[in-house]
Amino acid sequence: MNQWLNDSISSPWREKLATPEFTHSHQFDDNAQQFEAASLGMWVFLLTEIMFFGGLFCGYAVYRSQYLPSFEAGSRLLNVGFGAANTAVLLASSLTMALAVRAAQTRKGNALMIFVLLTMLLGIAFLGIKFFFEWIPDWRDGVVPGLHWVPTAEVVQHVAGRAGAVLPRVELFFCFYFFMTGMHALHMVVGLGIMTYLLLKARTGALTSGHFAPVEISGLYWHFVDIVWIFLFPLLYLIGGRY
Amino acid sequence: MSEGTVPVRIYLTIFACLLALTALTTGVAFIDMGPLNTVAALTIAVGKMLLVILFFMHLRHSPRLTKVAVLAGFFWLVLLIGLTLADPLTRHWTPGPSPWDGTTTQPQP
Amino acid sequence: MATMVAEPPRVESRVNYLNASYGVKSWLLTTDHKRIALLYLVSITFFFLIGGIAATIIRLHLISPTGALVEPATYNKLFSVHGIIMIFFFLIPSIPAVLGNFLVPMMIGARDLAFPRINLLSWYIYVVGGLFTLYAILAGGVDTGWTFYTPYSSTYSNTHVLATGIGVFISGFSSILTGLNFIVTIHKMRAPGLTWFRLPLFIWAHYATSVIQILGTPVVAITIVLIALERVLHVGVFDPKLGGDPLLFQHLFWFYSHPAVYIMVLPSMGVVSELITCFSRKRIFGYEFVAFSSVAIAVLGFLVWAHHMFVAGISIYAGLVFSILSYLVAIPSAIKVFNWMATIYKGSISYDAPMLYALGFIGLFTMGGLTGLFLANLGVDVHIHDTYFVVAHFHYIMVGGALMGYLGGLHFWWPKISGRLYPDKWARFAALVIFLGFNLTFFPQFILGYLGMPRRYAVYPPEFQVLNVMSSAGASVLAVGYAIPLIYFIWSMRYGPIAGPNPWKAKGLEWSTSSPPPTDNFEQTPVVTEEAYAYGD
């Protein structure tokens, strides 16, 4: 494995490996300051993401307070099993991500790459479950607002069965369902891109020579996307009064 | 990070807790507790979030500045949702029908 | 009128950030915060011209009550373009991206910002956003107003809402990244000995501004995404047919757009603190009060947004809450004005151009702020909402306040930025022309609003014509006033006398290095041992 690692490194990186310890960028005074700045910078960026998703959560809160029966009816149309499974998948990916950061800290290049790869696979699994087992069936049921809102008779009957629920408000629920899970999925795809970058950089050994900040801050981003889902799952899937 | 790394078993324990809480919140959704269902779901979600933030995102070991920043972020989110909700939730306090509750017809264009 | 004596000119022989490297690539791929500041300076001046052209056509059109110049549909596009360009592409970046980028590292004794490449990225993002919006304008414009109210913007308008929205959305990230950079830099990269309460108030102001940029801009970003989704998918969350609430759009929009006005004015207040102290040769009166007021404005500014919605249909109880909070937000601004006045009192005052702009700021901002109190009053607002009273109010703050601060700062730090002095008499003349032109343009609008002329109307009753003509005449004077500095700044870059490191004999770390500064700002990292504004009484 190490042989493969060293053979596949191109020459500029070979030079960098000759001095394995990382040197900080010129605007900083030392490595510690650079790490702290990078970490704070990513946390501040995550604050902006909290407010970005926050707008969607705000809209959700406003309409749910007005139209609870319709939102409950819409929620019951979602598949709790897949939602819970996806939650577990994403939580596992957070675990593997945390272990990846730890591997970078302890300078274990192979472990780092394995855990980043696992994180990516779990992320792809999440998106796969979402797309194939939730969104495609939603399309078949005709509950995709704007693109394909032709609810089947089954759906209509289910909605009519809940007191106070009306189809237009259920359409509003599905607007939020798709906007919120869609925006979340978009962030997951970006996360996969970041993981790919980490994987490529890890191959050169640049991440296991004392400078693990890129892994740490990528981890922060990945965990944040997980946290958004931690809230999306109950708010979208579990409000339906499934009793 | 200048201090030592977090042991693997901590990560595994936290993960197990997160799975357990997921099972819990899913299970509770099938029990009728009225308005408490929402409270329970959100409480459990906040708990899961805290586990991820404190342990996976290393906030426990981060400088106090970072902790303050995160708190500020959540406070602002609460501000956004809370103060915005203050409007639609109080529109019906004034007695009398309004177009927003379906008791009068929409004004004609 | 006493003026400062400039230091004897020096020969400009050393290598500085301007001549350290040559060629287009060295500018377009720079990571030097000072060069990026100049990139922004050029871009925002360009957009100021675009917004100014729109304003010119508007004021020409309004000379006649029946609207002689453009069709009403075109008029709608003109005021929309004017607002969008001036707010998102001029005012919001102006001081932070030009003066902030240039000065924040220097004022704290750092070699650069924390993330220089992100700094460059934020400029490119700004340019891309601007290009999208320019395309939208050239393709036919947008007529929703800069406020994009639904359902007109999401459903009924057939103008280029999507392209404009994308442009604004993209430029928002430029703002976010600048704010992020400043927050991390100010927290993590201060020179040894530079404690928080020794920082220049310019830094406090930019810190507060950055907090607003971080927490507010993402909300308007997601709101624009929602409008875009409505337009593209023909369904949406603001559509009453589905039970959607157009007011939800307004809440989400104004949650950012009210704090946005503090993004525009807070940095300007920071500049004024620097100018007032230097040109009164006095320490700032009440340093902590001014510093905390900046933070208070940033925080309180997030709590008042629904005062834009008093007559939109919000509940009366929400209206009461927001009205009270809107009165409260005036307090920290007033505290600042009192402290500036106390600083000037018994100071050794010189009336150089930067000081003229600072004094103009204090007077005009105070007028704008006081008229804001009228608008914060629920009862009065019913009558003056959506009239020219509002238009005058915000122009007093944005132009009489923010823009004057920007110009004052540009004059004050021009010697540092370019190494040259601008012609002093022309500068003071231009400042006076701007002040007079501004008041002639916008004071009549207070009266027009009080008399009931609505805003955003292409035609008006003939009895309002005299005031409109006065306003348009003022606008032409204002345009001349803006052109003069453009000319002499460019002139000074080649023919202006050499400035030397500290022509104003000002305090502050940026004045301890050469003009223009070397690429890494300081020969050695400075160590700070004295309080800010140690001018000595």
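**A left-handed helix pair in chain C, and the chains around it**

In this predicted model, helix 10 and helix 11 of chain C cross with a left-handed sense. Helix 10 covers residues 316–344 of chain C and helix 11 covers residues 353–376, and the two axes sit 10 Å apart at an angle of about 165°. Angles over 145 degrees count as roughly antiparallel, and helix 10 and helix 11 of chain C therefore run roughly antiparallel to each other. From helix 10 of chain C, the residues that take part are C:Ser323, C:Ser326, C:Tyr327, C:Ala330, C:Ser333, C:Val337 and C:Trp340. What they meet on helix 11 of chain C is a set made up of C:Ile362, C:Thr366, C:Gly369, C:Gly372, C:Leu373 and C:Ala376. Sorted by class, this contact between helix 10 and helix 11 of chain C holds seven nonpolar and six polar residues, with no charged ones.

Most residues other than glycine have a negative phi, and most peptide bonds are trans. Two of the exceptions fall in the loop between helix 4 and helix 5 of chain C, taken up here one after the other. C:Phe148 is not a glycine, yet its phi is positive, at about 50°. This residue lies in the loop between helix 4 and helix 5 of chain C. C:Phe148 is also buried, as 25 other C-beta atoms lie within 10 Å. In the loop that links helix 4 (116–138) to helix 5 (152–156) of chain C there is also C:Pro151, and the peptide bond that joins C:Thr150 to C:Pro151 is cis, with omega at about -5°. Another cis bond runs from C:Ser515 to C:Pro516, this time with omega near -10°. C:Pro516 belongs to the segment after helix 15 (465–495) of chain C. As for confidence, chain C has a mean pLDDT of 94, and 97% of its residues reach 70 or more.

Turning to chain A, the fold is built from nine helices and two strands. Along the sequence these come in the order α-α-α-α-α-α-β-β-α-α-α, with the two strands sitting between helix runs. The C-alpha trace of chain A spans about 70 × 35 × 30 Å along its principal axes. Chain A has 243 residues, of which 49% count as buried. Looking at contacts in chain A between residues at least 6 apart in sequence, 78% of them join residues at least 24 apart.

Chain A touches both of the other chains. With chain C, 30 residues of chain A are in contact with 32 residues of chain C. On the chain A side, the elements that put in two or more residues are helix 3 (31–66) and helix 8 (167–203). Helix 3 of chain A supplies the largest share of that side, at 17 residues. By class, the side of chain A that touches chain C splits into 18 nonpolar, nine polar and three charged residues.

With chain B, the contact takes 39 residues from chain A and 38 from chain B. Here the elements of chain A that give two or more residues are helix 3, helix 5 (80–105) and helix 9 (213–237). Helix 3 of chain A again gives the most, with 16 residues on the side that touches chain B. This side of chain A is made up of 26 nonpolar, nine polar and four charged residues.

Of its 109 residues, 28% count as buried. Among the contacts in chain B with a separation of 6 or more, 31% come from residues 24 or more positions apart. One backbone detail stands out: B:His58, a residue other than glycine, has a positive phi near 60°. B:His58 is placed in the loop between helix 2 (36–56) and helix 3 of chain B, and it is buried, with 20 other C-beta atoms within 10 Å.

Confidence in chain B comes out at a mean pLDDT of 87, with 81% of its residues at 70 or more. For the model as a whole, the scores are ipTM 0.93 and pTM 0.92.

Note on methods. Residues numbered from 1 in each chain as written. Chains lettered and ligands numbered in written order. Predicted model: local features only at pLDDT ≥ 70, side-chain atom pairs only at ≥ 80, totals over all residues. Axes fitted to C-alpha atoms, helices over the stretch in contact; angles between N-to-C directions. Helix = DSSP H or I, 4+ residues; strand = E, 2+ residues; numbered from the N terminus. Parallel < 35°, antiparallel > 145°, perpendicular 65-115°, else oblique. Left-handed = near helix turned anticlockwise from the far one by under 90°. Contact = placed C-beta atoms within 7 Å. Nonpolar A, V, L, I, M, F, W, Y, C, P; charged D, E, K, R; others polar. Buried ≥ 20, exposed ≤ 12 C-beta atoms within 10 Å, placed from the backbone. pLDDT = per-residue confidence, 0-100.
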